[in-house]
Amino acid sequence: MIFWTIIILIALWTLFLWIFTPQTTDDTVTYQEQFITAPSTGLSFKELSKESIKSIILSKTKEFYKEDQVRLVKIAYCESGFREDAINPISQASGVFQFLPSTWQYMKKLTGQFGWEVFNPVHNVEAAVILYSRSGVSPWLASKDCWQP
């Protein structure tokens, strides 16, 4: 009886380790490579050029100091590669500035802009500018190794 109890416990422990041990690979994935593309929304702003996204950021931050404008452009590049359709498959962060779903809902309530779409680059940048004005870079610390000098 004790023998079979030990065998069952060893089997359960092995199964537990197999399920909960992270799988290791030799592939190195960069921060930006972890994104997938959002499903097509059929909206007209789809697939804007990187330069268009930069222009939107600069136009929405024209009242900012130049260093803040540059920082926001770098953050957008590091977060999504200026892709308005980027989605992080792990956190579900979305859009140019990679808003978490909960943060996006908070920003819509804060601004009263309930019609904002996270994949609309203008809405995403406007929300990022407001959030940056209130919280600085703290919402984007996950990518700081990329954008911080």
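Here is a short tour of salt bridges, a loop residue and a surface patch, one selection at a time.

Before you click, note that this is a predicted model, where local features need pLDDT of at least 70, side-chain atom pairs count only at pLDDT 80 or more, and totals for chains, interfaces and linings use all residues. Residues are numbered from 1 along each chain as its sequence is written, and side-chain values use heavy atoms, with hydrogens and water left out.

**Stop 1**

Side chains of opposite charge can pair when their charged atoms come close. A search of the whole structure turns up 4 salt bridges (a side-chain nitrogen of Lys or Arg within 4 Å of a carboxyl oxygen of Asp or Glu). Select Glu126 and Lys60 to see one of them, with N to O at 2.8 Å. Glu126 sits in helix H5 (residues 121-135) and Lys60 in helix H2 (residues 50-60), so this pair ties together parts that are 66 residues apart in sequence. Helices here are DSSP runs (H or I, at least four residues), numbered from the N terminus.

Now colour by accessibility: buried means under 20% relative accessible area, exposed over 50%, and partly exposed in between (1.4 Å probe, protein chains only). Glu126 comes out partly exposed at 23%, and Lys60 is partly exposed at 34%.

**Stop 2: Asp68 and Arg71**

Next, go to helix H3 (residues 66-80), which holds both Asp68 and Arg71, 3 residues apart, or about one turn of the helix. Their salt bridge has its closest N and O atoms 3.1 Å apart.

**Stop 3: Asp85 and Arg83**

Pick Asp85 and Arg83 for another salt bridge, 3.3 Å from N to O. Asp85 is buried at 12%, and Arg83 is partly exposed at 28%.

**Stop 4: Ala142**

Jump to the loop between H5 and helix H6 (144-147), where you'll find Ala142. Ala142 is exposed, at 69% relative accessibility.

**Stop 5: the isoleucine patch**

Finish with Ile2, Ile6 and Ile10, a nonpolar surface patch with about 310 Å² of accessible area together. Patch members have over 30% relative accessible area and no salt bridge; nonpolar side chains (Val, Leu, Ile, Met, Phe, Trp, Tyr) are joined within 5 Å, like charges within 9 Å. Areas come from the Shrake-Rupley method with a 1.4 Å probe. Zoom in on Ile6, in helix H1 (residues 2-20), which is partly exposed at 45%.

How values were computed:
Helix = DSSP H or I, 4+ residues; strand = E, 2+ residues; numbered from the N terminus.
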